[in-house]
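Hello,

Here is the structure you will be working with. Please open it first, then read the notes below it.

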Amino acid sequence: RGTVAFVNPTVEPGTRTGVPLLTDNPKEVGADRIVNTLAAHHLFGGPCIVVDFGTSTNRGRFDKKEGTVQFDRAGKTGKVDLTIDATSISTGTPLFDKHLQSADLFNVAKFPTMQFSADQFRFNGDKVSEVAGKLTLLGQTHPVTLKANNFNCYQSPMLKREVCGGDFETTIDRTQWGMDYGVSFVMPKTVRLIVQAEAIKQ
């Protein structure tokens, strides 16, 4: 297991932070570990456990959303209008959810919803390959293209109607929308968005 020791991190020569850092090998403490520890201490106001960034991925979802899809497979056209309730973000960790909802990040008190609208459907054969549109977040609107990892249409034996849907994803730079928190010291600015959608023919 190694030797457990406390070290007093130094950000610059002669400047001590006073924040204890628990490590199994003091000789391997790098600047990234020090910065992560200081950021967590500042965020939570006291000692906490820091897991090095670059190891696991933080995941969350929005539980409340509504919208419509217009899709003409023969004409290879379509339209999407989606509204997402930003207050419904859920990571499974209430403390993290609260911070995501705060003014640091999604600022749900001022911007309770997000919108995605698209009217450019691109096809590979008879299947959708991309959906290009615009995402409105924190009051700013910028283009976003969702790439299809999987797409299909089928006749539902239960609904007795045609159902079309697929798995889509893209990676955005959140700073484009003014979500800058943490970029200078801990958190990456890129966010991977995964969208799973199915639409029932009306």
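**What was found**

Of the chain's contacts with a separation of 6 or more, 41% are between residues 24 or more positions apart. Please keep in mind that this is a predicted model. The chain has 202 residues, and 27% of them are buried. Its secondary structure consists of two helices and 13 strands. The accessible surface is about 13,500 Å², with 52% of that belonging to carbon and sulfur atoms.

Next, the core. In soluble globular proteins, nonpolar side chains tend to be buried together. The largest nonpolar core in this model contains 28 residues. Phe106, Phe116, Val128, Val131, Leu137 and Val144 have the most contacts inside it. Two or more residues each come from strands S7 (77-85), S9 (113-124), S10 (127-137), S11 (140-155) and S12 (162-173). S9 gives the largest share, five residues.

Val144 is one of the core residues listed above. Apart from neighbours within four places in sequence, Val144 is in contact with Phe116, Val131, Ala132, Gly133, Lys134, Leu135, Thr170, Ile172 and Trp177.

One loop residue is also worth a look. Ser156 lies in the loop between S11 and S12. Is Ser156 buried or exposed? Its relative accessible area is 5%, so Ser156 counts as buried, the cut-off being under 20%. The side chain of Ser156 reaches the backbone nitrogen of Leu159 at 3.0 Å. Leaving out neighbours within four places in sequence, Ser156 is in contact with Arg161 and Val163.

Regards

Key. Residues numbered from 1 in each chain as written. Predicted model: local features only at pLDDT ≥ 70, side-chain atom pairs only at ≥ 80, totals over all residues. Heavy atoms only, no water. Core = buried A, V, L, I, M, F, W, Y, C linked by side-chain atoms within 4.5 Å. Buried < 20%, exposed > 50% of the residue type's maximum accessible area, 1.4 Å probe, protein only. Helix = DSSP H or I, 4+ residues; strand = E, 2+ residues; numbered from the N terminus. Contact = heavy atoms within 4.5 Å. Polar contact = N/O pair within 3.5 Å; in protein donor to acceptor, adjacent residues only side chain to side chain. Areas by Shrake-Rupley, 256 points an atom, 1.4 Å probe, with all protein chains shown as cover.
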